[in-house]
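Hi,

Here is the structure I promised to pass on. Have a look when you get a moment, and then read on for my notes.

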Amino acid sequence: MAARADEVSDGEIIGVVVEGVELALYRLQGTLYATGNICSHQFARLSDGFIDGDCVECPLHQAKFHIPTGEARTPPAETAVPIFAVKVEDGAILVDLP
Ligand code: FES
């Protein structure tokens, strides 16, 4: 379990560690998403950043990543962050790690 579903409110991000993998969990308009939590540019946690529409803005140099796809949308980041499938069972958020 990554977190309880009620721990992630709409428009919020939380950072969690599952099996040693740092993840950011998001809820956008009711839908949960998971990405890697470490920015692809340098070392910053996206869970310390801000949601802007369907993107997360890195707190360090303000690169934006598209939350559903992980795609880097604005510089200085050029590389996507990984995304992970998410499901909820019995109120628990389960993330499909590789
Ligand atoms: S560390 Fe995220 S944009 Fe630089």
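Is Cys39 buried or exposed? Cys39 is buried, its relative accessible area being 8%. Before I go further, please keep in mind that this is a predicted model.

**Cysteines**

The other cysteine I looked at, Cys55, is buried as well, at 8% relative accessibility. How many disulfides does the whole structure hold? The search returned zero. For Cys55 the reason is distance: the closest cysteine sulfur, in Cys39, is 13 Å from its own sulfur, which is too far for a bond. A disulfide would need the two sulfur atoms within 2.5 Å.

**The sheet around Cys55**

Cys55 also leads us into a sheet, as it stands opposite His66 in β7. Strand β6 covers residues 55-57, and three bridges join β6 to β7, with the two running antiparallel. Together with β5, these strands make an open sheet of three, ordered β5-β6-β7 with antiparallel pairing. At the edges are β5 and β7, each of which pairs on one side only. Between neighbouring strands of this sheet the average turn is 30°, direction ignored.

**Salt bridges**

Across the whole structure there are five salt bridges. Let me take you through some of them.

One of them is between Lys64 and Asp52, where the closest N and O atoms are 2.6 Å apart. Lys64 belongs to strand β7 (residues 64-66) and Asp52 to strand β5 (residues 50-52), so this pair ties together parts that are 12 residues apart in sequence. Both partners are partly exposed: Lys64 has 22% relative accessibility, and Asp52 has a relative accessible area of 39%.

Another joins the side chains of Asp6 and Arg4, at 3.2 Å from N to O. Here Asp6 is exposed, with 59% relative accessibility, whereas Arg4 is partly exposed, with 44%.

Glu89 and Lys87 also meet through their side chains in a salt bridge, at 3.3 Å from N to O. Glu89 counts as partly exposed at 41% relative accessibility, and Lys87 is partly exposed too, with a relative accessible area of 46%.

**The β2-β3 hairpin**

Strands β2 and β3 pair in the antiparallel sense, over six bridges. Within this pairing, Ile14 stands opposite Leu25 in β3. The hairpin has two residues between the strands, and Glu19 takes a positive phi near 50° there. The loop that holds Glu19 runs between β2 (13-18) and β3 (21-28). Glu19 is exposed, with 72% relative accessibility.

**Other backbone points to check**

Most residues other than glycine have a negative phi, and most peptide bonds are trans. With that as background, two further places deserve a look.

Gln62 has a phi near 70°, again a positive value in a residue other than glycine. Gln62 sits in the loop between β6 and β7, and is partly exposed, with a relative accessible area of 40%.

Which peptide bond is cis, with omega near 10°? The bond from Pro75 to Pro76 is. Pro76 is placed in the loop between β7 and β8 (83-89).

**Thr35**

Finally, a residue in strand β4 (residues 31-36): Thr35. Thr35 counts as buried, at 1% relative accessibility. What does the side chain of Thr35 make a polar contact with? The partner is the side chain of Tyr26, at 2.8 Å.

Leaving aside neighbours within four places in sequence, the residues in contact with Thr35 include Glu22, Leu23, Ala24 and Tyr26. Leu46, Ile67, Val81, Pro82, Ile83 and Phe84 are also among the contacts of Thr35. Gly11, on the other hand, is 24 residues from Thr35 along the chain, and the C-alpha atoms of the two are separated by 15 Å.

Best wishes

Notes:
Residues numbered from 1 in each chain as written. Predicted model: local features only at pLDDT ≥ 70, side-chain atom pairs only at ≥ 80, totals over all residues. Heavy atoms only, no water. Salt bridge = Lys/Arg side-chain N within 4 Å of Asp/Glu carboxyl O. Buried < 20%, exposed > 50% of the residue type's maximum accessible area, 1.4 Å probe, protein only. Helix = DSSP H or I, 4+ residues; strand = E, 2+ residues; numbered from the N terminus. Pairing = 2+ DSSP bridges. Axes fitted to C-alpha atoms, helices over the stretch in contact; angles between N-to-C directions. Contact = heavy atoms within 4.5 Å. Polar contact = N/O pair within 3.5 Å; in protein donor to acceptor, adjacent residues only side chain to side chain.
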